[in-house]
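Okay, thanks everyone for coming.

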Amino acid sequence: MATMVAEGAGDQAERLPMPSRNPLPLSASQEAQIRDIFHARVRKKCADEIKAFADCALGRTFTTSFACREPHRIMNSCMKAHATQEEQDAAREEWFAQRLERQRERERKARRKAEQEAFLREWWGLPEKDREAAQREMEKLKRGERVGGFPSRSRTSQLQGTQQRHAEEEGR
């Protein structure tokens with residue numbers, strides 16, 4: 001897969017390109033991560049308006065809706081203006097671009113967890129963890145994040161069985 005280099009805040013980061021322009025089926029948690037990025041981008045663009053409303057609302061209770069009507073209207077109109085489909089697409093592209101970074105973070109956490117577990121086993125004199133199990137865990141980490149339409153294991157075996165039946169029927 002080709003890599004892209006994105007220019008950020010003075011540093012270069014390795015990124016994977018977005019698989020396609022068409023929306024891919026993502027899990028609910030992945031869609032929630034994209035929504036979080038989207039909302040953060042919109043809030044960043046309307047930071048001044050949000051700050052003005054927050055300053056107006058500071059120290060008020062139920063009178064906020066009356067006293068801060070104008071800053072609230074300005075804040076909402078700014079957020080509506082920036083909450084566009086293009087911004088949502090940009091958030092989705094940013095999420096896909098951060099796949100390598102998330103994978104490295106998962107691997108780093110898994111290595112740290114394995115080191116801590118090994119230390120505790122040694123400290124308490126517990127038997128060493130099965131090397132095969134540890135190796136399977138590391139292989140699982142290296143598989144990466146699942147994006148898009150990968151069939152489940154049961155589906156692949158069903159597909160293979162169907163293909164074998166079709167081949168047998170054609171051979172008769």
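Before I name any pairs: when I say two residues meet, I'm talking about heavy atoms within 4.5 Å. And please keep in mind that this is a predicted model.

Arg43, Lys44 and Lys45 of H1 meet Ala47, Glu49 and Ile50 of H2. Sorted by class, that contact holds 2 nonpolar residues, no polar ones and 4 charged ones. H1 covers residues 28–45, and H2 covers residues 47–57.

For H1 and H2, the axes come within 4 Å and cross at roughly 75°. Angles from 65 to 115 degrees count as roughly perpendicular, so H1 and H2 are roughly perpendicular to each other.

Let me zoom out for a second. The protein chain has 172 residues, and 19% of them are buried. In secondary structure we get 8 helices and 2 strands.

Which residues does H1 use to meet H5? On the H1 side we have Gln30, Glu31, Gln33, Ile34, Ile37, Phe38, Arg41, Val42 and Lys45. On the H5 side there are Glu87, Gln88, Ala90, Ala91, Arg92, Glu94 and Trp95. By class, that contact of H1 with H5 comes out at 7 nonpolar, 3 polar and 6 charged residues. Notice that Lys45 turns up here and also in the contact with H2.

As for geometry, H5 is residues 85–97, and its axis and that of H1 come within 9 Å, crossing at roughly 120°. That makes the two helices oblique to each other, and H1 passes H5 in a right-handed crossing.

Some of those names come back in the largest nonpolar core. Its 9 residues are Leu26, Ile34, Ile37, Phe38, Val42, Ala91, Trp95, Phe96 and Val147.

Moving along from H5, we reach H6, residues 99–124. Here the axes of H5 and H6 come within 5 Å and cross at roughly 40°, so this pair is oblique too. Trp95, Phe96 and Ala97 in H5 meet Arg99, Leu100 and Arg102 in H6. That contact has 4 nonpolar residues, no polar ones and 2 charged ones. Trp95 and Phe96, then, take part in this contact and also belong to the largest nonpolar core.

Two single residues before I stop. Thr64 sits in H3, which is residues 64–67. Is Thr64 buried or exposed? Its relative accessible area is 15%, so Thr64 is buried. Leaving out residues up to four places away in sequence, Thr64 touches Phe53, Ala57 and Arg69.

The other is Lys140, over in H7, residues 131–142. Its relative accessibility is 56%, so Lys140 counts as exposed. Lys140 and Glu107 are 33 residues apart in sequence, with their C-alpha atoms 10.0 Å apart in space.

Terms used. Residues are numbered from 1 along each chain as its sequence is written. This is a predicted model: local features need pLDDT of at least 70, side-chain atom pairs count only at pLDDT 80 or more; totals for chains, interfaces and linings use all residues. Side-chain values use heavy atoms; hydrogens and water are left out. Axes are lines fitted to C-alpha atoms, for helices over the stretch in contact, and angles run from 0 to 180 degrees between N-to-C directions. Angles under 35 degrees count as roughly parallel, over 145 as roughly antiparallel, 65 to 115 as roughly perpendicular and the rest as oblique. A crossing is left-handed if the near helix is turned anticlockwise from the far one by less than a right angle, and right-handed if clockwise. Ala, Val, Leu, Ile, Met, Phe, Trp, Tyr, Cys and Pro count as nonpolar, Asp, Glu, Lys and Arg as charged, and the others, Gly among them, as polar. A nonpolar core is a set of buried Ala, Val, Leu, Ile, Met, Phe, Trp, Tyr and Cys residues joined through side-chain atoms within 4.5 Å. Buried means under 20% relative accessible area, exposed over 50%, partly exposed in between (1.4 Å probe, protein chains only).
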